[in-house]
Amino acid sequence: MATNTVSPAAPAFGRVSFVRTALVLMRLAWARTGSPLLIIGVLAVLALPVLFSLVFASRGALSGDPVDFLLARFDTIVSGLATPLIALLLGTSAFSAETDDGTLLYIVTTTTPRWWIVLSRLLFAALLTGLLAAVSVFASGFVAVGLSDPEGIVTAYSVAVFYGGVTYASLFTLLALLTRRSLVVGLIYVLFWEGALSETFQAIQYLSVRKWMTAIAEPMMQGGGDGVGPSALYALVGAAVVVTITVYLGGRRLHEPRMGRIGS
Amino acid sequence: MSAVSVSATPLVFDHVSHWYGDVVAVNDVSAVVEPGITGLLGPNGAGKTTLLQLAAGLMGPSGGAVRVFGETPVRNPAIFRHVALVPERKALPGMLSARAFVEARATLLGLTNVRAAAQAALEMVEMDTVADRAVAGFSKGMRQRTKLAAALVQQPRLVLLDEPFNGLDPRQRLHMMQLLEARAKAGTAVLLSSHILEEIEGVASRILVMLAGRLAASGDHRTLRRMMTDRPHTVRIRASDVRALASRLVTQPAVMGVEVDGADALNVRTTDYTAFSRLLVQAAASAAVTLYEVLPTDESLEHVFAYLVQR
């Protein structure tokens, strides 16, 4: 085979499109995220609320009020467990894997603005988490009460988990850039901060994404909320702050990614 | 972010130091990398990879300054229009094809004709015929060439390669050398690291020798070869009559010291290995001594580097 060492003409640089760049970064993220193990993990977490609904539906009238049932499941299993766990898996997997094996280098040795890289990865994790969690909420509601949606609970929580998916995904995307043990740190955060402490201490409600999700859902349900804890506006501003901090700090971190050795 | 001027010197290290916590990885290194191929030689842990990372702006130096085409590379993504880094690690996104991977790089670099640029880069490394296969099934050599295609897709003016010949068979190695030489002739500055002198002396016009974070020596490969050959050597000789041989050798000007080691062995220190090789044969012949074994005991690269640092 003849060697081809003749250098072709230098290619031209043009105006860079965010959408085109984001699609490439999302594709690269999927190439690192789409492992069978991770997909099974995500589907297992998503199936949890649906399984609870199946048990509820199978017991008919013995199970009690469907509204109370759905409110309790959406608050605990969906908002407090399934949504943050999916966001954790999807938010940390790409950056963590790329940092560990050094392939992040192929992304950061480009002219792409660093904050574009973070925002694209955040969007990837947020959209997937939000959509998957919303589907899980809708499926749980459908199994428990059909399409009737009493008091607008299913619609309200579908919107709330989408919001929660974006917020949690932002947090965990940043975590993946700040620490190499993002999965462990994220799991501790989900179980202790969101699972235990936010239920125990009143003040922590204002710093809990789970409670922010409830604040988003309540105004959309008939009867609204009890007025205790953060408002929907507070929750929206909180999410905006989280996303902004993630993009800013994550972008700064990617300038000097601290990958350790780029050698073997 | 200022525009990068490719007319400036490709790469300058000006008294650069870098440390990780208490560990000094690079210690007061000053060097200039001009168009052409420059080898960065040193044993593992010498600081070669850190130096390449500093050149690519992946981290700032703890002391001194790095200049790439006159610009500070850290926090300056614009330099990657003209700079490429090929890491040693073989990991690539396994689900993607080589073409998809190189096209992804071309998009992230802001090239206008992504497909054409990727095709040209893949042809350059002879990967165009297998470019649509998933990277996961590639051999080490194919991965190495895919990495190179991804690095060369924007035709950079400065290419930094970390141990690029690892995993390549002789034919692939020759092809990569020809490829780098062609880039160098076209005006590209190539800085490639290796811990094997033979690997880079044939291709690099200038070699920087690193040891323990310091720049131990620099020059063309002939200069370095001479420095390495002309250093004091210790040679262990096994012969039929070591005492007779020792009495002949000890009077020779090229011999610094002779030590009899047991009944049939001799350790000789010499300042001129080439001259010693000739006189040893003559001394053995004149003393009617049979030579069983002549073994240099300090020929490892670490010994050579240690000597260069002590000079």
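## Sheet in chain B

B:V235 has B:V268, in strand 12 of chain B, as its bridge partner. The strands concerned are strand 10 (residues 233-239) and strand 12 (residues 265-270) of chain B, which run antiparallel and are joined by 6 bridges. Helices (H or I, at least four residues) and strands (E, at least two) are DSSP runs, numbered from the N terminus.

The model is predicted; local features need pLDDT of at least 70, side-chain atom pairs count only at pLDDT 80 or more, and totals for chains, interfaces and linings use all residues. Residues are numbered from 1 along each chain as its sequence is written, while chains are lettered from A and ligands numbered from 1 in the order in which they are written.

In chain B, 4 strands form an open sheet with antiparallel pairing and the order 11-12-10-13; two strands pair if DSSP finds at least two bridges between them. Strand 11 (255-260) and strand 13 (291-296) of chain B are at the edges, each with a single partner strand, so one side of each has no neighbour in the sheet. From one strand to the next, the twist averages 20 degrees.

## Helix across the sheet

Helix 8 (residues 242-249) of chain B lies across strand 10, strand 11 and strand 12 of chain B, and runs at about 165 degrees to strand 11 of chain B. Axes are lines fitted to C-alpha atoms, for helices over the stretch in contact, and angles run from 0 to 180 degrees between N-to-C directions.

## Contact between the chains

In chain A, 39 residues are in contact with 47 residues of chain B (C-beta atoms, placed from the backbone, within 7 Å). Helix 1 of chain A gives the most to the side of chain A that touches chain B, with 7 residues.

Methods: Two residues are in contact if their C-beta atoms, placed from the backbone, lie within 7 Å.
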